[in-house]
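Keep the model in view as you read.

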Amino acid sequence: MLTSKQRSYLRKLAMDIPDIIFIGKDGITDEVIIQTHDAIVARELVKGKIQQNSLEEAEEAARVLADATKSEVVCTIGNKFILYKKNLKKPKIEVPSKNAKGKKSR
């Protein structure tokens, strides 16, 4: 489970990456799930888009793909979504730890 600070950090990183998962009129097919899994293994953080001709909703599609790939939904905005799963063998993204303390107050 990601914290709000971790989600914010991952959203910021995702701004610079292109959409690589596209869901069209056929919806979420086995091929889309395989493509998403392969992309998450290779990149850890992936961004997807629901095409205009699709009947899928971004939130539902992101949840289904996250369940199928054992990843987490970082966020959904409009017709786009971001998924994250840490690669335990070769981590590429250093996510702030859950125990990280904020600035100390005086």
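**Charged pairs and a buried lysine**

Arg63 and Glu60 sit 3 residues apart in helix α3 (residues 58-69), so about one helical turn separates them. This model is predicted. Side chains of opposite charge can pair when their charged atoms come close. Arg63 and Glu60 do form a salt bridge, with their closest N and O atoms 2.6 Å apart.

Arg63 has another partner. It forms a salt bridge with Asp67, and here the closest N and O atoms are 3.3 Å apart. Asp67 also lies in helix α3, 4 residues from Arg63, or about one turn of the helix. Glu60 is partly exposed at 37%. Asp67 counts as exposed at 53%.

The structure holds 3 salt bridges. One of them pairs Lys80 with Asp19, the closest N and O atoms being 3.1 Å apart. Lys80 belongs to strand β4 (residues 80-84) and Asp19 to strand β1 (residues 19-23), so this pair ties together parts 61 residues apart in sequence. Lys80 is partly exposed, at 31% relative accessibility. Asp19 is buried, at 17%.

Now turn to Lys47, in strand β2 (residues 45-50). Is Lys47 buried or exposed? Its relative accessibility is 13%, so Lys47 counts as buried. A polar atom of the Lys47 side chain lies 3.0 Å from the backbone oxygen of Ile17.

Definitions and conventions: Residues numbered from 1 in each chain as written. Predicted model: local features only at pLDDT ≥ 70, side-chain atom pairs only at ≥ 80, totals over all residues. Heavy atoms only, no water. Helix = DSSP H or I, 4+ residues; strand = E, 2+ residues; numbered from the N terminus. Buried < 20%, exposed > 50% of the residue type's maximum accessible area, 1.4 Å probe, protein only. Polar contact = N/O pair within 3.5 Å; in protein donor to acceptor, adjacent residues only side chain to side chain. Salt bridge = Lys/Arg side-chain N within 4 Å of Asp/Glu carboxyl O.
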